[in-house]
Amino acid sequence: MTGRGRNDGRNRRGAEATAAGRPSKPAAEDDWGRSSADRPVLVLGVGNILLADEGIGVHAVEAFQAEYHVPDTVEVLDGGTAGMDLLDVLAGRSHVVIVDAIRSDRPPGSIVRLRGEAVPALFRTRISPHQLGLSEVLAALRLIDSEPAHLSLIGIVPEDLSTSLELSPRLAAVVPTLAALVAEELNAFGIPVVPVARSGGAPASPPG
Amino acid sequence: MRITVDPVTRIEGHLRIDCEVEDGAVSDAWSSGQMWRGIELILKGRDPRDAWVFAQRICGVCTTVHAIVSVRAIENALDLEVPLNAQYIRNLIIGAHSVHDHIVHFYQLSALDWVDIVSALQADPREAARLAQSLSDWHRNSEHEFAQVQGRLQAFVDSGQLGVFGSGYWGHPAMKLPPEVNLMAVVHYMQALDYQRRANNIVAILGSKTPHIQNLAVGGVANPINPDSQSTLTLERLSRVKATIDELGDFVTKVYLVDVAAIGALYADWTQYGAGVTNYLSVPDMPLDTRGSEFALPGGYITGGDPATLKPITSYHDAYFEDGVKESVKHAWYTGDQGALHPYQGVTNPGYDGFNDDGKYSWVKAPTFYGERAQVGPLANVLAMVAAGHEPTTRYLNQALGIAGQVAGAEIPLAALHSTIGRHAARAVRCAVLYETMSDQWTRLMNNIASGDYTTFNRPMFPRGEIRGVGFHEAPRGVLSHWAVIRNGRLANYQAVVPSTWNAGPRDDNDALGPYEASLVGNPIADPTKPLEVIRTVHSFDPCLACAIHMVDTDQQEIVRVKAL
């Protein structure tokens with residue numbers, strides 16, 4: 001355990017936390033059980049936000065969602081550390097971008113980008129600390145002919161995996177770069193994504 | 001001879017099993033959780049209303065169940081009633097989650113312990129389809145579909161991409177199913193991928209998102225009900241939920257239950273192994289009133305494997321459950337060994353000192369119920385429900401035993417359930433019961449809305465001073481409880497006693513073996529370098545250690561590593 005100060009998770013987990021005893025906001029119309037047919041593109045952040053840098057993927061996609069205009073055809077999702085639960089989420093998508101912490105000999109904060117067949121291969125060699133679910137989900141998608149046509153992975157080497165809601169300073173500094181890489185990946189797929197115009201320079205926070 | 005299997009699980013969490021093998025059978029066993037994570041520490045000092053948001057991150061597989069139990073614990077501390085609509089909506093969510101989980105467990109996570117994929121390639125699809133049709137009138141048991149799946153499987157094998165099938169013990173002497181039965185199971189494995197998705201879709205519709213539901217609140221749910229508004233829980237969405245429940249019901253009763261009974265009958269020898277601890281603990285679930293004093297599904301405690309001993313747990317405020325639970329750290333890597341502690345007093349001070357057979361060897365604590373070890377999970381729940389006279393459970397159990405008897409050509413007694421194969425059978429029975437219960441919950445929700453009740457939330461108010469509460473849930477892997485101590489509106493202590501702690505725990509204060517350990521003793525081992533038998537018994541519990549252990553692994557081996565010394 002580190003002696004790191006507590007972060008009020010509400011800032012970071014704004015979309016989920018309850019505020020002042022009110023139930024959290026009902027889901028937007030668009031969130032009610034919509035299928036992959038409605039939104040063929042998925043940006044999936046993976047990891048456990050309770051274990052510091054392990055949750056980097058989730059923090060990165062939330063930053064992307066907050067700082068870029070996300071087209072209606074794109075769903076941004078916090079996949080947590082789910083396994084087979086993600087089958088339904090991933091099935092039938094045309095394009096999927098996964099952001100995840102990876103295990104590597106490179107220094108913390110290093111970024112690895114992979115596309116196509118290299119992605120499931122990476123998960124099969126089990127570099128990601130929690131791919132246990134994902135490798136099987138990707139294999140299962142292949143079995144049912146529902147693999148995404150285009151798959152890419154943005155992987156980051158974590159520094160601190162202790163029990164904490166906060167990213168290590170090194171990883172926190174990489175988050176804007178990761179959000180930009182997600183946008184770049186989508187642009188490369190032919191899906192135009194532009195940053196939200198900033199006013200006053202305050203960092204954007206996730207929608208609450 | 002000593003064998004070590006590490007890790008055992010195909011899903012998150014690291015479980016290590018050590019067995020001493022003498023004369024071809026297990027003579028002693030150790031179950032060890034290999035990770036420590038102080039998740040509970042993150043909750044201390046927080047607003048109890050937000051606890052569920054963090055609690056659902058404890059495990060990636062069981063997000064929903066931790067969220068539900070967390071709000072129940074806080075509501076219990078406040079003595080807060082939950083509106084009927086909220087109860088029904090929660091019940092539908094946990095029901096759908098459990099059905100999803102049970103289907104995934106049998107087909108995706110454990111069937112390959114029993115089913116030889118490679119052998120399925122030798123099957124005659126026509127014979128296989130005929131066999132399937134003789135057991136069930138499922139509409140997707142056609143020769144055409146069987147031949148198609150076999151073709152796909154052959155293409156997979158030919159391309160060298162066995163993928164999910166890559167790690168099985170194909171051709172192991174303990175694999176005994178005829179090729180046609182193997183093919184039938186593989187066809188249903190593929191279909192199960194589709195139906196487990198449908199189950200999850202119910203969670204997505206009602207919980208507004210998966211894998212992390214968004215609709216909970218201490219005091220109810222955040223689903224506004226207004227039949228006239230498009231942005232709320234509309235009749236159209238509710239009809240979709242019902243149609244999906246019906247589709248799931250077909251799969252569970254005509255495929256899953258039938259497969260488990262038939263495969264179980266062909267492995268009848270496995271009804272002799274794996275009983276282990278036969279004190280069974282389960283809790284009632286699916287509350288039917290606002291206070292949690294009436295439930296659709298009974299639960300309670302059975303001792304010595306005798307259903308007649310059932311002592312029911314009757315309400316969220318039943319002291320019988322609340323007072324009975326303690327956790328021992330005598331054999332777990334924690335300091336402060338002052339005897340077993342009640343969860344409200346629970347402390348979690350890590351003190352790793354290496355793997356010691358007679359000392360400490362696990363990160364998992366050892367829970368007891370009134371000083372005794374207890375097995376939890378669908379088997380515990382099914383035995384309690386049958387003992388309580390729950391009609392749907394008795395009916396589906398008789399159906400499963402009937403099919404098994406038909407395939408085995410001999411009557412299968414109830415006592416066969418105390419076994420490795422029995423845990424699979426009970427899970428399938430419970431899954432069918434859950435489907436039926438979901439259907440009933442849906443009807444109740446519709447009737448309640450039709451009566452004009454649109455309430456979904458009661459506001460929680462926190463007093464000064466200290467209050468305590470326990471929330472429990474009969475989760476897919478068994479009894480899950482969260483224990484909260486709240487001081488002046490903030491969490492002062494928070495402990496989760498999860499199902500896999502009950503089952504995977506190490507020896508306790510009295511050095512009594514935990515359920516995994518006890519269930520392994522006596523298991524035959526045909527080939528110590530391929531201990532399929534050990535994996536069968538442990539998998540039958542549906543192990544998931546992500547939440548049972550209180551850090552992430554350092555450098556675990558990436559594939560199942562077996563060490564035979």
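Q: At roughly what angle do helix α9 (residues 235–266) of chain B and α12(B) cross?
A: The model is a predicted one. In it, the axes of α9(B) and α12(B) come within 8 Å. They cross at roughly 45 degrees.

Q: Are α9(B) and α12(B) parallel, perpendicular or oblique to each other?
A: Their axes cross at roughly 45 degrees. Roughly parallel needs an angle under 35 degrees, and roughly perpendicular runs from 65 to 115. The two helices are therefore oblique.

Q: What is the handedness of the crossing of α9(B) and α12(B), and how do the contact residues divide by class?
A: α9(B) passes α12(B) in a right-handed crossing. On the α9(B) side, the contact includes Leu257(B), Val258(B), Gly264(B) and Leu266(B). By class, the contact of α9(B) with α12(B) has 13 nonpolar, 2 polar and no charged residues.

Q: Which residues of α12(B) does helix α11 (residues 378–387) of chain B meet?
A: The axes of α11(B) and α12(B) come within 8 Å and cross at roughly 115 degrees. That crossing is left-handed. From α11(B), the contact uses Val382(B), Met385(B) and Val386(B). Their partners in α12(B) are Thr393(B), Thr394(B) and Leu397(B).

Q: How many charged residues does the contact of α11(B) with α12(B) have?
A: Met385(B) and Thr393(B) are among the residues that meet here. The contact divides into 4 nonpolar and 2 polar residues. The number of charged residues is none: no charged residues.

Q: Is α6(B) parallel, perpendicular or oblique to α7(B)?
A: Helix α6 (residues 125–135) and helix α7 (residues 143–158), both of chain B, pack with their axes 8 Å apart. The angle is about 130 degrees. That makes α6(B) oblique to α7(B).

Q: How many charged residues lie in the contact of α6(B) with α7(B)?
A: The crossing is right-handed. Pro125(B), Arg126(B), Ala128(B) and Ala129(B) meet Glu143(B), Phe146(B), Ala147(B) and Gln150(B). By class there are 5 nonpolar residues and 1 polar, and the charged ones number 2.

Q: How far apart are the end C-alpha atoms of helix α3 (residues 63–78) of chain B?
A: α3(B) has 16 residues. At 1.5 Å a residue, they should span 22 Å. The value in the model agrees: 23 Å.

Q: Why is α3(B) largely enclosed by the rest of the structure, and which residue follows it?
A: 15 of its 16 residues are buried, so α3(B) is largely enclosed. After the helix, phi is positive, near 55 degrees, at Asp79(B).

Q: Is Ile39(B) buried or exposed?
A: Ile39(B) sits in helix α1 (residues 39–43) of chain B. It has 23 other C-beta atoms within 10 Å, and the cut-off for burial is 20 or more. Ile39(B) is therefore buried.

Q: Which residues does Ile39(B) touch, not counting residues up to four places away in sequence?
A: The C-alpha atoms of Ile39(B) and Ala496(B) are 9.2 Å apart, although 457 residues separate the two along the chain. The residues in contact with Ile39(B) are Leu50(A), Thr163(A) and Ile58(B).

Q: What percentage of the residues of chain A count as buried?
A: Chain A has 7 helices and 7 strands. Among its contacts between residues at least 6 apart in sequence, 78% join residues at least 24 apart. Of its 208 residues, the buried share is 53%.

Technical notes. Residues are numbered from 1 along each chain as its sequence is written. Chains are lettered from A and ligands numbered from 1 in the order in which they are written. This is a predicted model: local features need pLDDT of at least 70, side-chain atom pairs count only at pLDDT 80 or more; totals for chains, interfaces and linings use all residues. Helices (H or I, at least four residues) and strands (E, at least two) are DSSP runs, numbered from the N terminus. The expected span of a helix is 1.5 Å times one less than its number of residues. A residue is buried if 20 or more other C-beta atoms lie within 10 Å of its own, exposed if 12 or fewer, and partly exposed in between; C-beta atoms are placed from the backbone. Axes are lines fitted to C-alpha atoms, for helices over the stretch in contact, and angles run from 0 to 180 degrees between N-to-C directions. Angles under 35 degrees count as roughly parallel, over 145 as roughly antiparallel, 65 to 115 as roughly perpendicular and the rest as oblique. A crossing is left-handed if the near helix is turned anticlockwise from the far one by less than a right angle, and right-handed if clockwise. Two residues are in contact if their C-beta atoms, placed from the backbone, lie within 7 Å. Ala, Val, Leu, Ile, Met, Phe, Trp, Tyr, Cys and Pro count as nonpolar, Asp, Glu, Lys and Arg as charged, and the others, Gly among them, as polar.
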